[in-house]
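Please consult the sequence and the model shown below while reading.

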Amino acid sequence: MATNASVLILVGSETTATLLCGAAFLLTTHPEMLKRLEHEIRSAFRSEKDITLTSVGQLPFMLACLSETMRCYPPFVAGAFRQTPKDVLIDGKFEPQGYAVNRDERYWKEPERFAPKRWMDGLEYKGDQLDAMQPFSTGPRNCIGRNLAYAEARLILAKLVFSFDMSLAASNDHWLHNQKAYIVWDKPLLYVHLLREAVPDSEREHHIY
Ligand code: HEM
């Protein structure tokens with residue numbers, strides 16, 4: 001029980017926290033995406049109390065933002081190497097040294113770009129091969145906490161964006177660059193300004209509906 005508890009605490013907390021840090025950074029550095037997300041969340045709910053594990057399931061753009069965050073900044077790094085150390089054959093296919101599937105132009109249009117809409121229906125990124133990304137791994141020993149991770153991340157991000165206007169502290173512009181990975185990412189502190197959304201709930205109803 002002690003061993004299982006320590007596994008669950010490590011893999012069940014740091015991974016989801018990393019995903020949310022990555023989302024906060026990528027959204028605040030792409031304000032047009034953050035605006036669209038704010039609009040989706042603030043028009044879907046009248047009050048923070050309406051945001052529940054069930055109701056967050058109806059926010060397609062937010063899910064796309066979380067998926068795109070995991071492509072650009074996969075939270076799980078221990079043992080799941082993201083680059084081939086030398087030229088190798090994988091499933092009979094040659095992959096050169098330094099190959100990284102989440103940034104491979106064969107699978108992603110503009111792989112270096114944070115583009116949540118590639119996860120939604122539409123023509124622009126139609127050719128993307130979405131199942132090339134497997135942040136929870138695949139097969140019988142893939143992540144047992146996948147659904148819990150999605151539920152937690154959706155709930156927290158929706159409540160955060162509903163209630164606060166977020167912006168990145170100026171000193172954090174390069175937060176994601178040059179991070180080293182050990183068991184998890186060795187991430188520097190991420191400073192984000194949170195400004196309480198000024199419109200009271202009662203007025204927001206009027207404003208939106
Ligand atoms: C964004 C969040 C998460 C990501 C990206 C993630 C990723 C992964 C990956 C890639 C594996 C496979 C590891 C391997 O093959 O060596 C894994 C396994 C596992 N994960 Fe997660 N995980 C996340 C959240 C969680 C949460 C919230 C829990 C539970 C509370 C959890 C519990 C586990 C457990 C117990 C395993 C081992 C499963 C087994 O060996 O059968 N994970 N996770």
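Predicted model: local features only at pLDDT ≥ 70, side-chain atom pairs only at ≥ 80, totals over all residues.

## Helix α3

Helix α3 covers residues 60-72. Its end C-alpha atoms lie 18 Å apart, in agreement with the 18 Å that its 13 residues should span at 1.5 Å a residue.

Of these 13 residues, 11 are buried, so α3 is largely enclosed by the rest of the structure. The buried set consists of Phe61, Met62, Ala64, Cys65, Leu66, Ser67, Glu68, Thr69, Met70, Arg71 and Cys72. Three helices receive the packing of these buried residues: α1 (2-28), α2 (31-44) and α4 (146-163).

## Threonine 69

Within α3, threonine 69 has a relative accessibility of 0% and therefore counts as buried, the cut-off being under 20%.

Which residues are in contact with threonine 69, leaving aside its neighbours within four places in sequence? They are Leu19, Gly22, Ala23, Leu26, Pro74 and Phe114.

## The second largest pocket

The second largest pocket holds about 160 Å³ of space. Its lining is formed by Phe25, Leu26, Thr29, His30, Cys72, Arg103, Glu112, Phe114, Leu176 and His177. By residue class, the lining comprises five nonpolar, three polar and two charged residues.

Leu26 and Phe114 line the pocket and are in contact with threonine 69. Cys72, another lining residue, is among the buried residues of α3.

## Loop residues with positive phi

Most residues other than glycine have a negative phi. Serine 137 is not a glycine, yet its phi is positive, at about 65°. This serine is placed in the loop between β2 (93-95) and α4. Serine 137 counts as partly exposed because its relative accessibility is 39%, which falls between the 20% and 50% cut-offs.

Asparagine 178 likewise has a positive phi, near 60°, and is a residue other than glycine. Its location is the loop between β3 (164-168) and β4 (180-181). Is asparagine 178 buried or exposed? With a relative accessibility of 78%, asparagine 178 is over the 50% cut-off and therefore counts as exposed.

Note on methods. Residues numbered from 1 in each chain as written. Heavy atoms only, no water. Helix = DSSP H or I, 4+ residues; strand = E, 2+ residues; numbered from the N terminus. Buried < 20%, exposed > 50% of the residue type's maximum accessible area, 1.4 Å probe, protein only. Contact = heavy atoms within 4.5 Å. Expected span 1.5 Å × (residues − 1). 1 Å grid on protein atoms, 1.4 Å probe; cavity = no way out; pocket = protein on both sides within 12 Å on 5 of 7 lines; lining within 4 Å. Points joined across faces, edges and corners; volume = space filled by probe spheres on them. Nonpolar A, V, L, I, M, F, W, Y, C, P; charged D, E, K, R; others polar.
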